[in-house]
Amino acid sequence: MDQDSFLLICQLGMGIFWIITYILIIKRGFQDKKYGMPMVAICANISWEFIFTFIYPQNDLQKIITLLWFLLDIVILLQYLRYGRQEYKKFISTKLFYASFLVTLGVSFLIILTMTQELNDIEGKYTAFSQNLMMSGLFISLLLWRGNAGGQSMSIAVCKMIGTLFASVAFYMYFRTPLITIVSIATFVYDWLYIVWLYRLYSRKINYRRK
């Protein structure tokens, strides 16, 4: 298999599995009436997708994939604003909830945009891998915060890991850098821990029902 064919397979695999991940997050969110992606991850994701769809668009295929991610993330964002407000109403006021979201969204957008310009990274690879690592850690923190799998599922965790692996393998084979290699390995470790943690939560729930 030549390099172009392999990269195309990885690009499609990454795109498809992340699209499935987003769809599963949306579906689970409506089922559980809980947001499925932490606020900082949502803000970073939707900022990255906007920037690399409209400001620094990639090749035609990636532009379509990124646009689809962006549209799905809008729904995930709306779920956070709807269900997150209810979840945090005991801790902060509604005004502070929305204000913190808007500030985080603005800061995320500016950081990703300036990193892209300062690192001359118009492909968005450094910001993409960095925020993916952050997202993997935040998914685990969301489980710890809630103490249950509300808004989450094993299929979400597995599809996220597979989509990331497609991107990681492609970059390791052809665009390897020490930073991206370290971040890719760390992301895989966190994704695996996320899967293990979810499995234990589901196991406890099943054992509790049996009792």
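The structure is a predicted model, in which local features need pLDDT of at least 70 and side-chain atom pairs count only at pLDDT 80 or more, while totals for chains, interfaces and linings use all residues. Residues are numbered from 1 along each chain as its sequence is written, and side-chain values use heavy atoms, with hydrogens and water left out.

Helices here are DSSP runs (H or I, at least four residues), numbered from the N terminus. Helix 1 passes helix 6 in a left-handed crossing, meaning that the near helix is turned anticlockwise from the far one by less than a right angle. The residues of this contact divide into 19 nonpolar, 6 polar and 2 charged. In this scheme Ala, Val, Leu, Ile, Met, Phe, Trp, Tyr, Cys and Pro count as nonpolar, Asp, Glu, Lys and Arg as charged, and the others, Gly among them, as polar.

Leucine 198 sits in helix 7 (residues 178-210). Its relative accessible area is 0%, so leucine 198 is buried (buried is under 20% relative accessible area, exposed over 50% and partly exposed in between, with a 1.4 Å probe and protein chains only). Apart from neighbours within four places in sequence, leucine 198 is in contact (heavy atoms within 4.5 Å) with Leu143, Ala149, Gln152, Ser153, Met154 and Ala157.

Turning to charged side chains, the count comes to 5 salt bridges, each a side-chain nitrogen of Lys or Arg within 4 Å of a carboxyl oxygen of Asp or Glu. Side chains of opposite charge can pair when their charged atoms come close. One of the salt bridges joins arginine 146 and glutamate 87 at 3.0 Å, N to O. This pair links distant parts of the chain, with arginine 146 in helix 5 (residues 125-146) and glutamate 87 in helix 3 (residues 60-88), 59 residues apart. Both arginine 146 and glutamate 87 are buried.

Another salt bridge, also given as 3.0 Å from N to O, brings together lysine 160 and aspartate 191. Here lysine 160 belongs to helix 6 and aspartate 191 to helix 7, 31 residues apart. Lysine 160 is buried because its relative accessible area is 1%, and aspartate 191 is buried at 2%. Salt bridges that share partners also join Asp121, Glu123 and Lys125 into one network. Within it, lysine 125 and glutamate 123 meet at 3.3 Å, N to O. Lysine 125 is buried at 19% relative accessible area, whereas glutamate 123 is partly exposed at 42%.

Lysine 33 has a positive phi, near 55°, and is found in the loop between helix 1 and helix 2 (39-55). With 55% relative accessibility, lysine 33 counts as exposed. Asparagine 120 likewise has a positive phi, near 50°, and its place is the loop between helix 4 (94-118) and helix 5. Asparagine 120 counts as exposed, at 60% relative accessibility.

Notes: Helices (H or I, at least four residues) and strands (E, at least two) are DSSP runs, numbered from the N terminus.
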